[in-house]
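Subject: Structure for your review

Dear colleague,

Please find below the structure that I am handing over to you.

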Amino acid sequence: MSSADEAVPAFDLSTTPLREVNQALHAAGLEGEYVIENPRGAHNVAVGLDAPVKVTVNGHLGYYAAGMNQQAEVVINGNAGTGLAENMMSGTVHVTGSASQSAGATGRGGLLVIDGDAGARCGISMKGIDIVVGGDVGHMSAFMAQKGRLVVRGDAGDALGDSLYEARIYLRGTAKSLGADCVEKELRPEHLQELAGLLKAAGFEDDDPASYKRYGSARTLYHFTHENEY
Amino acid sequence: MCGIVGLHLRSPELYSRLGELLTGMLCEMEDRGADSAGIAVYGNEDWSPRGKGSVSLIDIDVTAETVAAALGAESGTEVTAITVDNVVLANADVDSEALMAAAKKAYPHVLIGGFGEDLAVLKGVGAPRALAESWGLAKARGWQGVGHTRMATESAVTSSGAHPYAVGPGECLVHNGSFSNHATIRRDLRAAGVEFDSENDTEVGARFVAHRLADGKGVDEALTDLTRTFDGFYTLLVSNRDSFAVVRDAIACKPAVIAETDDWVAMASEYRALAHLPGVENARIWEPEPEVIYHWNRQEVSA
């Protein structure tokens, strides 16, 4: 271990209770870098952060990892369970492995990067978060997504973008099927530019943005039509 | 909620550690369900001697000697029995179905936990950790084991509501989730002559699979039939003496993780139940796809 590494405070979850670790990361005026070791699939690790810190977790995590994140940069060297970065407001969460269902659910801001695959319902009800998935996403991804961008470098499962509102989906592979009201849309210069920026931010700048397709809402469901007026 | 775990060993070098590893898996899932628990172990000679038919009698309040004598009288053969906490495990040099029939005749009101060759099923009401300890699970050896921690939703907290449901010869099913149309399917199965021990939804799934296997269908076909017949949310682990299979419903909201190495295949409701397995850091880890049947067969090796 180099001297620079030794300066980084490390929490060992095999000896320190999770609540103590999370409370330490909620201290007022927190800054700098932190490492969490031996999570062994624990739930709720590094949730509720609200400080410009970098937290690195070495190992696989359980449910709600890095949930409700604000400002912090969280790197998870492993896989993450259900509800990764749920309701993120800002900051970044980067998972080097794969994520289970409902990754980035309801997120309002920030960037979530999953190097591997994401399970079902990735980006469900997203409200402004950007999500970049290195591999595939499962069924019902971006279900009722309201705002933000979902980038998928692999394939998507059934019913991609079902009942979409204003979120934009960029897919390089193919979707098993599109959900209700989700349609392919023209990839205009502003989209190529937006996509290039997202890919760069996620570390996939070698991808050709033109190799992606864009999907969005056809705006034909009752929410968008006059029949719903009363 | 409930938790399920299963470990299918490929490397005979690990057989002596099956119980220890399964105990760790089961206890880690205790906070997914702590009202009752159950396990099935394949290949533990102390509980189910090789080459014999075995049957598990749950919550029976007579001694093993009494059970051995009663089953011996019914079956007309010499029966051996041991007590493992709340369970009596009986075995004899007869087919397990014949031994099970003798047990049902001798003790018509006692719950049969399971029957088969090389199979022992233990289940009961209580916290999984306490039950595992009272059964001495950590000392068990074998090539395959499954476990369940229950948080009851569909039926009463009783041993008959606890998993595994081991209702066919050597077969075992544990379930995380709930079936919504089980009453209809139970009626159909009853009409076809199938008998039930409980009002539990999972028992219907297990009886359904056992009924299909008894008809000569394979595990894959039986589980495909199940996905087309049952409505609800489920992750199922279905084991036989020589096989280990996982299937999830189309919605796939009930959790499931599978890990595989050259030495073992394991599945659990959550990764944390696998975190102590040897070599897990280099395992291939993934979540089963909806309605895809994952199925492994045992390669018989001399231990």
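Predicted model: local features only at pLDDT ≥ 70, side-chain atom pairs only at ≥ 80, totals over all residues.

Residues are numbered from 1 along each chain as its sequence is written, and chains are lettered from A and ligands numbered from 1 in the order in which they are written.

Domains. Chain B is divided into domain 1 (3–47 + 118–297) and domain 2 (49–117), with bounds that come from an automatic or database domain assignment. Taken over C-alpha atoms, the centres of the two domains of chain B are 22 Å apart. Contact between them involves 21 residues of domain 1 and 19 residues of domain 2 of chain B (two residues are in contact if their C-beta atoms, placed from the backbone, lie within 7 Å). On the domain 1 side, β7 (119–125) and α4 (128–135) of chain B each supply at least two residues; β7(B) gives the most, with six residues. Helices (H or I, at least four residues) and strands (E, at least two) are DSSP runs, numbered from the N terminus.

Sheet. Seven strands of chain B form an open sheet in the order β7-β2-β8-β1-β13-β12-β14, with antiparallel pairing (two strands pair if DSSP finds at least two bridges between them). Its edge strands are β7 and β14 (284–286) of chain B, each of which pairs on one side only. The twist from one strand to the next averages 10°. Within the sheet, β1 (residues 3–9) and β13 (residues 264–268) of chain B run antiparallel and are joined by five bridges; L7(B) stands opposite A266(B) in β13(B). Helix α1 (residues 18–28) of chain B lies across β1, β2 (36–42), β8 (144–150) and β13 of chain B, at about 160° to β1(B).

Helix pair. In chain B, α5 (residues 182–191) packs against α6 (residues 201–214) at an angle of about 40°, with the axes 9 Å apart. Axes are lines fitted to C-alpha atoms, for helices over the stretch in contact, and angles run from 0 to 180 degrees between N-to-C directions. The angle therefore makes α5(B) oblique to α6(B) (under 35 degrees counts as roughly parallel, over 145 as roughly antiparallel, 65 to 115 as roughly perpendicular and the rest as oblique). From α5(B), H182(B), I185(B), R186(B) and L189(B) meet D201(B), V204(B), R207(B), F208(B) and H211(B) of α6(B).

Yours sincerely
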